[in-house]
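Trainee: I should like to work through this model with you. Please keep the answers plain.

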Amino acid sequence: MTRDLTGPGHRVFGMARNGPADQDGAEAVRRLLSGQARGDDVFDLAVAIEELHPPHDTFPGEVFMRLSADALEVAGVRRDNPIPYPGLRGKYLGECTFQGRENRKIQFAILASASARGGIQPDLPGEVAWWQADDFWWYALAAAVAVIRACADRMRLPAPAFVQQLSARWKITPEAGRAGPGEP
């Protein structure tokens, strides 16, 4: 079953005047990594993170792109040892269904993370201008989930063990145990 988390009120383009603070980015990463360590699906992660997303902004999408790039680095993904893009979404985002333009959006979010890992800064404002911009954080979250799952698989580690390595890199301690939505 899939859920639409970009419902009414979440599809207006623009940028917030006062951006989120650094601790908001750290909190978004902590919530994502804590959920990944628990085995939460992407929709539960989105519910736990959505309150951090300011309307009319791409945050925390940019943070999730950096997290994905770091996951690729931790897993030793390189040009001569890539994670194949074909099948990535089906294998690591099985709970999601993408249709029409959604396919292009998730593709951009995944490939932008790989681009960032390689040292090329994606043209985020230029790309998401045609999107309903509040979508970007959601697609970047889904991409981060797919990349983290793929990297854990690549390293033959259970997700919680890989998340520990990634958390150490970000100097974040993911929470253990099971929390309810909105209480990561």
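Trainee: Which residue just after α1 takes a positive phi, and of about how many degrees?
Mentor: Glycine 39 takes a positive phi of about 90 degrees there. Helices (H or I, at least four residues) and strands (E, at least two) are DSSP runs, numbered from the N terminus. This is a predicted model, in which local features need pLDDT of at least 70, side-chain atom pairs count only at pLDDT 80 or more, and totals for chains, interfaces and linings use all residues. Residues are numbered from 1 along each chain as its sequence is written, and side-chain values use heavy atoms, with hydrogens and water left out.

Trainee: What is the mean pLDDT of the protein chain?
Mentor: The mean is 84, and 84% of the residues reach 70 or more. pLDDT is the predictor's confidence in each residue, from 0 to 100.

Trainee: Where does pLDDT stay under 50?
Mentor: That applies over residues 1–17, and also over residues 178–184. Where pLDDT is low, the predicted coordinates should not be read in detail.

Trainee: How many helices and strands does the chain have?
Mentor: The protein chain has eight helices and zero strands. Of its 184 residues, 46% count as buried, meaning under 20% relative accessible area, with exposed over 50% and partly exposed in between (1.4 Å probe, protein chains only).

Trainee: What do the buried residues of α1 pack against?
Mentor: They pack against α2 (42–49), α3 (61–74), α7 (136–154) and α8 (159–170). The buried residues of α1 include Leu32, Leu33 and Arg38.

Trainee: Let us turn to α3. At what angle does it pack with α5?
Mentor: The angle between α3 and helix α5 (residues 101–117) is about 65 degrees, with the axes 8 Å apart. Axes are lines fitted to C-alpha atoms, for helices over the stretch in contact, and angles run from 0 to 180 degrees between N-to-C directions.

Trainee: Which residues meet there?
Mentor: Met65, Ser68, Ala69, Leu72 and Glu73 in α3 meet Ala112, Ser113, Ala114, Ala116 and Arg117 in α5. By class, six are nonpolar, two polar and two charged. Ala, Val, Leu, Ile, Met, Phe, Trp, Tyr, Cys and Pro count as nonpolar, Asp, Glu, Lys and Arg as charged, and the others, Gly among them, as polar.

Trainee: And how do α3 and α8 cross?
Mentor: Their axes come within 10 Å and cross at roughly 115 degrees. The contact of α3 with α8 has seven nonpolar, one polar and four charged residues.

Trainee: What do the buried residues of α5 pack against?
Mentor: Their partners are α3, α4 (88–92), α6 and α7. Phe108 and Ala112 are among the buried residues of α5. Just after α5, glycine 119 takes a positive phi of about 95 degrees.

Trainee: One last topic: why does glutamate 127 count as buried?
Mentor: Glutamate 127 counts as buried because its relative accessibility is 12%. This residue is found in helix α6 (residues 124–128).

Trainee: Which residues is glutamate 127 in contact with?
Mentor: Leaving aside neighbours within four places in sequence, glutamate 127 is in contact with Arg104 and Phe108. Contact means heavy atoms within 4.5 Å.
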